[in-house]
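Let's take a guided walk through a protein model, one piece at a time. Keep the 3D view open and turn it as you read.

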Amino acid sequence: MTVLDARALNRATLARQLLLDRSGIPVLDAVAHLGGMQAQEPQEPFVGLWSRLRAFEPSVLSELLTGRRVVRTHLMRRTVHLVTADDVLAWRARHDAMLRGRVLGTYRRELEGVDLDELAAAGRAVMADGEPRSMSELARALADRWPAPGPRALGEMLVAALIPMVQLPPRGLWRTRAGVRNAPLSSWLGREIDPPAPHGSDPVGEALVRRYLAAFGPAASADLRAWCGLAGLPAAVAAVRGELVAFRDERGRELLDLADAPRPDPDSPAPVRFLPAFDNAILGYHDRSRIIDDAHRGLSVAGARVVLVDGRVAATWTVEAGTVTVTPLRRLSRADRTAVAEEGRALASFLSDRDSDRVRVAASTG
């Protein structure tokens, strides 16, 4: 079985994530190809798409949100994701048990004795008037009936798990600050969520395997689970295995992939790319060593924005008053610093609507 080293896996990831060459595909198609984008920080998907697409216009994504073609919702890993309307309707029921389990993992003691089906029905009754509500407003509406858990536990269970919700615009629009207002997913989209598959079949699980590998492969089953949060996919993997090819990584793990997916030459040049906080190019794996050193792994869950140099996390970045500041995590060559500065100027221009192209690259460490 062919062994793929970290550099080969890195180039495959960059290609699948549209980070090796910026793509000309439409914004909606990019969000679909990526299997959704981590979006708990509302402005971050704009940077993620700017780094992946040629001539990306933020207004296009805003229009997709207001036009109900993409939505912000709790989905993979119980985190807020930006996903297409078609995908969320197809995938949401398959995530129900995981979402409930993850909320209970945090609030099991507070929710002990609460009948979750009754809570869900009561929450839907409150939302039936068509009025968007914040999590706390929905929880307060039910607090008299369930006073013990407290509003946080009730609200998290209702909004993140029991009732499929969307976070309504203007939250998530370009350069807009807005609180979270939730509405039921089916009412916002005017379509019902696809029902669960009959017992013994898992077409959604099989689709998720294929879609994950198209955007993240080659990858192990543990990586797939880390991306979506679903533990019950071994049967889906087994069902599609005949379509897949297998490799091993340098640790001996089996990696699966789509037969015709791109696996570029490991020596392919990788341009500098600026990634937003919580980007799935990093978080979408259990073993993230293909793109980030173990010493810096904590950055990926701490919300740091990172810079890829030669395809790997080599710096963090921030922006303030129109200036992008880059802080290297290792020594950068003169050529790398020049490339980082050039891409940083382009990012500063994008973030400021061309009012500023200021960038500062701090001294290298190490």
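Here is a short tour of a sheet, a helix, some charged pairs and a group of rings. Keep in mind that this is a predicted model.

Let's start with a sheet of three strands. The order is β2-β4-β3, the sheet is open, and the pairing is antiparallel. The edges are β2 (37–38) and β3, each of which pairs on one side only. In general, strands of a sheet pair through backbone hydrogen bonds, and they can do so parallel or antiparallel.

Now zoom in on β3, which covers residues 70–74. How many bridges join β3 to β4? There are 5, and β4 spans residues 80–84. You can pick out individual partners across the two strands: valine 70 has threonine 84 as its bridge partner in β4, and threonine 73 stands opposite histidine 81.

Between β3 and β4 the chain makes a hairpin, with 5 residues between the strands. Arginine 77 in this hairpin takes a positive phi near 60 degrees. Arginine 78 also sits in the loop between β3 and β4. What does arginine 78 touch, once its neighbours within four places in sequence are set aside? Its contacts are Met98, Leu99, Arg102, Val103, Thr106, Glu156 and Ala160.

Helix α5 (residues 85–107) lies across β3 and β4, and runs at about 140 degrees to β4.

**A helix and what comes after**

Next, find helix α14, residues 334–351. With 18 residues, α14 reaches 25 Å from its first C-alpha to its last, close to the expected 26 Å. Its buried residues are Val340, Ala341, Glu343, Gly344, Leu347, Ala348 and Phe350. An α-helix has 3.6 residues a turn, so residues three or four places apart point the same way. Just after α14, aspartate 353 takes a positive phi of about 55 degrees.

**Charged partners**

Side chains of opposite charge can pair when their charged atoms come close. This structure holds 26 salt bridges. Here are three of them, with the N to O distance for each.

| Salt bridge | N to O distance |
|---|---|
| Aspartate 353 and arginine 175 | 3.2 Å |
| Glutamate 243 and arginine 210 | 2.8 Å |
| Arginine 253 and aspartate 249 | 2.8 Å |

Aspartate 353 and arginine 175 form a salt bridge. That pair links distant parts of the chain, 178 residues apart: aspartate 353 is in the loop between α14 and β13 (358–361), and arginine 175 is in the loop between β5 (165–167) and β6 (182–184). Aspartate 353 is partly exposed, at 41% relative accessible area, and arginine 175 is partly exposed at 49%.

Glutamate 243 and arginine 210 also meet in a salt bridge. They are 33 residues apart, with glutamate 243 in the loop between α12 (234–240) and β7 (244–249) and arginine 210 in helix α10 (residues 203–216). Glutamate 243 is partly exposed at 39%, and arginine 210 is partly exposed at 30%.

What about arginine 253 and aspartate 249: buried or exposed? Both are buried. They also belong to a network of salt bridges that links Asp223, Asp249, Arg251, Arg253 and Asp287.

**A cluster of rings**

A search of the whole structure finds 10 aromatic pairs. One is phenylalanine 46 with phenylalanine 56, a tilted pair with 6.5 Å between centres and 45 degrees between the planes. Phenylalanine 46 lies in helix α3 (residues 44–50) and phenylalanine 56 in the loop between α3 and α4 (58–66), so the pair ties together parts 10 residues apart in sequence. Both phenylalanines are buried.

Phenylalanine 46 also makes a tilted pair with tryptophan 174, at 5.0 Å centre to centre and 50 degrees between the planes. This pair bridges 128 residues, from helix α3 to the loop between β5 and β6. Phenylalanine 46 has a relative accessible area of 0%, while tryptophan 174 is buried at 16%.

Which rings make up the cluster? Ring pairs link Phe46, Trp50, Phe56, Trp174 and Phe350.

Note on methods
Residues are numbered from 1 along each chain as its sequence is written. This is a predicted model: local features need pLDDT of at least 70, side-chain atom pairs count only at pLDDT 80 or more; totals for chains, interfaces and linings use all residues. Side-chain values use heavy atoms; hydrogens and water are left out. Buried means under 20% relative accessible area, exposed over 50%, partly exposed in between (1.4 Å probe, protein chains only). Helices (H or I, at least four residues) and strands (E, at least two) are DSSP runs, numbered from the N terminus. Two strands pair if DSSP finds at least two bridges between them. The expected span of a helix is 1.5 Å times one less than its number of residues. A salt bridge is a side-chain nitrogen of Lys or Arg within 4 Å of a carboxyl oxygen of Asp or Glu. Contact means heavy atoms within 4.5 Å. Axes are lines fitted to C-alpha atoms, for helices over the stretch in contact, and angles run from 0 to 180 degrees between N-to-C directions. Rings of Phe, Tyr and Trp (its six-membered ring) pair if their centres lie within 6.5 Å; planes under 30 degrees apart count as stacked, over 60 as edge-to-face and the rest as tilted.
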